[in-house]
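Here is a short briefing for a first look at this structure.

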Amino acid sequence: MNAVLLAVKWLCLVWAVTWPVTMVTGIRNPGRRRHKDVYVGEHSKNKHRGRIDHKLTRQDSTKSLLIKTEQLLRIEEHDFAMRPGFGGAAIPVGIDVQVESIDSISEVNMDFTMTLYLRHYWKDERLAFPSHSNVSRTFDGRLVKKMWVPDVFFVHSKRSFIHDTTMENIMIRVYPDGSILYSVRITVTALCSMDFSSFPLDTQNCSLELESYAYNENDLMLYWKNGNDSLRTDEMVLSQFFIKKFHPSSGLAFYSSTGWYNRLYINFILRRHIFFFMLQTYFPTMLMVLLSWVSFWIDRRAVPARVSLGITTVLTMSTIITGVSSSMPQVSYVKAVDIYLWTSFLFVFLSVIEYAAVNYCSTLEEMRRLKRGKLPTSYNASKAMAFDGCFHDSDIELTPFPHLPTSMTSNHHRTPLQNPEDPPTEGTRLRRQRSVQENVDLLLSNSYLIDSYSRMAFPLSYLLFNTIYWSMYSS
């Protein structure tokens, strides 16, 4: 009992000695307390982060090793540099195309630009995966570099690219049995061998050709997946053409060094709109030809008016021909528009030549009369020629044609079976065809007849030309 009391007193004494120090410092071991707080805080944070990571792991199924792409499709277990069924029969690859737009058609470069969705269908059993719901898996372009895809390219293409905004426009869909859908959005510029013999009343037949580059028909067989329904188009409106027909076709292409290849064709027939060329080419040309005929109704003595009108129409026709030629390829054959323009140019040119002929005939006849003394002595021919290019008919004394003698007329009025002594039969007339020389002399003596005949001959000839032209090229 005394020992217990002694021990209690000793503890009280020790507490009485250490208590003032504790009250002064406020903490018995500050360094240890600080380290403890830091440890508790970090432990609490790590504990909280561990709960979040565990929760995210349960929500994000892609972190499970059992459904990673590489392990789901067993990409790492196979060599996808080789085609499916390597060394065996040719693998069938179906093609399905949806044309989004025809962006441009260039006559100068003889090509067209088209944007389309190109879809491939084939089966690769190496990519089959187990699935209870038979649901396909869809991936983007990042998987393309890890698997085998057909090496389809565009024959006669000048340039092409895959759209990559905001990511590459590539889609891969894999089904549990290994069937694959590979879709890509492409813009391609390809060659189109155009025939401009009937331009601008022409119809162009262009085609986009698809073919495997490395695999011939023994390794890969291209075909249209749904026949004629494999080619679909959106509603398209072109500036100079309207699309008459879109249809697919197929064939074989032979290369001497590599063999036969399956080739697919996207054919489309384009019919050119004529209204634009009617406004820009045909109507102005017709107006220039009609304007050149105005000179036929202008007095032949008005030299400045007729010459300036003829030169203006000729220069305008030259400008129209140059403008049309600059927008067309330099082909080695004659186009329909060339025939029309140059024929119209010929009509305009002949109208200028017609006035030159009228002026020359008038001048020649008046010079003859001047030599015969039919013109007055006070007439100054050089001044008149310098002023308007020809003599004035008002200053010329015109003599009437001489009348035939009565005896000659009466003799010609008798018929061959009639006796010369019989009286002439009434109602008979003198009919004798004039020779070429007489016709020329008649035109020289009456130059105004050239304008009179031209007023009828030129319009009728041009109308006949237009009838033949439009009947030939409009059909």
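The side chains of Ser-101 and Asp-103 make a polar contact at 2.7 Å. Ser-101 sits in strand 1, which covers residues 91–106. The model is a predicted one. The chain has 10 helices and 12 strands.

**Around Ser-101**

- Leaving out residues up to four places away in sequence, Ser-101 touches Thr-113, Met-114, Thr-115 and Met-236.

**The chain as a whole**

- The chain has 475 residues, and 35% of them count as buried.
- Take the contacts between residues at least 6 apart in sequence: 75% of these join residues at least 24 apart.
- The accessible surface of the chain is about 30300 Å². Carbon and sulfur atoms account for 59% of that surface.

**The disulfide**

- How many disulfides does the structure hold? The structure holds 1.
- Cys-192 and Cys-206 form the disulfide, with their sulfur atoms 1.9 Å apart.
- The pair links distant parts of the chain, 14 residues apart. Cys-192 is in the loop between strand 7 (179–191) and strand 8 (203–212), while Cys-206 is in strand 8.
- The link of Cys-192 and Cys-206 is left-handed, with -75° about the S-S bond.
- Are Cys-192 and Cys-206 buried or exposed? Both are buried.

**Gln-204, in strand 8**

- Strand 8 also holds Gln-204.
- Why does Gln-204 count as buried? Its relative accessibility is 2%, so Gln-204 counts as buried, since the cut-off is under 20%.
- The side chain of Gln-204 makes a polar contact with the side chain of Asp-202, at 2.6 Å.
- A polar atom of the Gln-204 side chain also lies 2.9 Å from the backbone oxygen of Asp-195.
- Gln-204 and Met-194 are 10 residues apart in sequence. In space, their C-alpha atoms are 6.1 Å apart.
- Neighbours within four places in sequence aside, Gln-204 is in contact with Met-194, Asp-195, Phe-196, Phe-241, Phe-268, Ile-269, Leu-270 and Arg-272.

- Leu-201 is found in the loop between strand 7 and strand 8. Cys-192 is in that loop too.
- Leu-201 counts as buried because its relative accessibility is 10%, and buried means under 20%.
- Which residues does Leu-201 contact, leaving aside neighbours within four places in sequence? They are Arg-271, Ile-274, Tyr-469, Trp-470 and Tyr-473.
- Leu-201 and Trp-470 are 269 residues apart along the chain. Their C-alpha atoms are separated by 9.4 Å.

**Ser-295, between two helices**

- Where is Ser-295? Ser-295 lies in the loop between helix 4 (275–292) and helix 5 (303–326).
- Ser-295 has 5% relative accessibility, so Ser-295 counts as buried.
- The Ser-295 side chain reaches the backbone oxygen of Ser-292 at 3.0 Å.
- Ser-295 is in contact with Arg-306 and Leu-309, leaving aside neighbours within four places in sequence.
- Arg-306 and Leu-309 are among the buried residues of helix 5.

**Helix 5**

- Helix 5 has 24 residues.
- From first C-alpha to last, helix 5 reaches 35 Å. That is close to the 34 Å expected at 1.5 Å a residue.
- The buried residues of helix 5 are Val-303, Arg-306, Leu-309, Gly-310, Thr-313, Val-314, Met-317, Ile-320, Ile-321 and Val-324.

**Regions from the record**

- An unreviewed UniProt entry places the feature "transmembrane region" at residues 274–295, 307–327 and 339–362.
- Over residues 274–295, the chain is 82% helix and 0% strand. The end C-alpha atoms of this stretch are 31 Å apart.
- Over residues 307–327, the chain is 95% helix and 0% strand. Here, too, the end C-alpha atoms are 31 Å apart.

**One more cysteine**

- Is Cys-361 buried or exposed? Cys-361 is buried, because its relative accessible area is 11%, and the cut-off for buried is under 20%.

Terms used:
Residues are numbered from 1 along each chain as its sequence is written. This is a predicted model: local features need pLDDT of at least 70, side-chain atom pairs count only at pLDDT 80 or more; totals for chains, interfaces and linings use all residues. Side-chain values use heavy atoms; hydrogens and water are left out. A disulfide is a pair of cysteine sulfur atoms within 2.5 Å. Helices (H or I, at least four residues) and strands (E, at least two) are DSSP runs, numbered from the N terminus. Buried means under 20% relative accessible area, exposed over 50%, partly exposed in between (1.4 Å probe, protein chains only). A polar contact is a pair of N or O atoms within 3.5 Å; within protein, one must be able to donate a hydrogen and the other to accept it, and residues adjacent in sequence count only if both atoms are side-chain atoms. Contact means heavy atoms within 4.5 Å. The expected span of a helix is 1.5 Å times one less than its number of residues. Accessible areas come from the Shrake-Rupley method with a 1.4 Å probe; for residues, only the protein chains shown count as cover. UniProt positions are given in the numbering used here, feature names are shortened, and annotations may be inferred rather than shown by experiment.
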